[in-house]
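Here is a short briefing on one structure. Look through the sequence and the model first, then read the points below.

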Amino acid sequence: MTTFTSSLPNELLEMLNQVASQQKVPKNKVIEESLKMYFEELEKQEYITSFKKLKEDRELNQIAEEGMEDYANQLKPYD
């Protein structure tokens with residue numbers, strides 16, 4: 001594990017101290033978990049953005065609709 005030094009605004013540092021104290025964990029664990037959650041949220045936003053772009057792609061929508069029709073036809077014998 002690598003050590004790094006950073007500065008934070010006083011109000012964030014106070015919040016960090018408070019959360020670490022309440023959770024009874026070291027401050028670095030709070031920062032670590034917060035960064036993980038932040039990076040996961042960024043990844044989710046990237047997916048959302050890409051899906052919104054795909055939504056506007058007429059050709060891809062047509063392919064998807066054709067695929068769903070084929071899938072529905074495959075399920076008919078099981079009705």
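Lysine 36 and glutamate 32 are four residues apart in helix α2, so about one helical turn separates them. Helices here are DSSP runs (H or I, at least four residues), numbered from the N terminus. This is a predicted model: local features need pLDDT of at least 70, side-chain atom pairs count only at pLDDT 80 or more, and totals for chains, interfaces and linings use all residues. Residues are numbered from 1 along each chain as its sequence is written, and side-chain values use heavy atoms, with hydrogens and water left out.

**Salt bridges**

- Three salt bridges turn up in a search of the whole structure. The term means a side-chain nitrogen of Lys or Arg within 4 Å of a carboxyl oxygen of Asp or Glu.
- Lysine 36 bridges to glutamate 32, with the closest N and O atoms 3.5 Å apart.
- Lysine 36 also bridges to glutamate 33, at 3.6 Å between the closest N and O atoms. Those two residues are three apart in helix α2, so about one helical turn lies between them.
- Glutamate 32 meets lysine 29 in a salt bridge as well (3.5 Å, N to O). Both lie in helix α2, three residues apart.
- Together, Lys29, Glu32, Glu33 and Lys36 are linked in a network of salt bridges.
- An α-helix has 3.6 residues a turn, so residues three or four places apart point the same way.

- Lysine 36 is partly exposed, with a relative accessible area of 40%. Partly exposed lies between buried (under 20%) and exposed (over 50%), using a 1.4 Å probe and protein chains only.
- Glutamate 32 is partly exposed at 27%, and glutamate 33 is partly exposed at 41%.
- Lysine 29 is partly exposed at 39%.

**Nonpolar patch and aromatic pair**

- Ile31, Leu35, Tyr38, Phe39 and Leu42 make a nonpolar surface patch of about 460 Å². Such a patch joins nonpolar side chains (Val, Leu, Ile, Met, Phe, Trp, Tyr) within 5 Å, from residues with over 30% relative accessible area and no salt bridge.
- Leucine 42 is found in helix α2 (residues 27–55) and is partly exposed at 38%.
- The structure holds one aromatic pair. Tyrosine 38 and phenylalanine 39 form this tilted pair, 5.9 Å centre to centre with 55° between the planes.
- Rings of Phe, Tyr and Trp (its six-membered ring) pair if their centres lie within 6.5 Å; planes under 30 degrees apart count as stacked, over 60 as edge-to-face and the rest as tilted.

Terms used
Patch = residues over 30% accessible without salt bridge, like charges linked within 9 Å, V, L, I, M, F, W, Y side chains within 5 Å. Areas by Shrake-Rupley, 256 points an atom, 1.4 Å probe, with all protein chains shown as cover.
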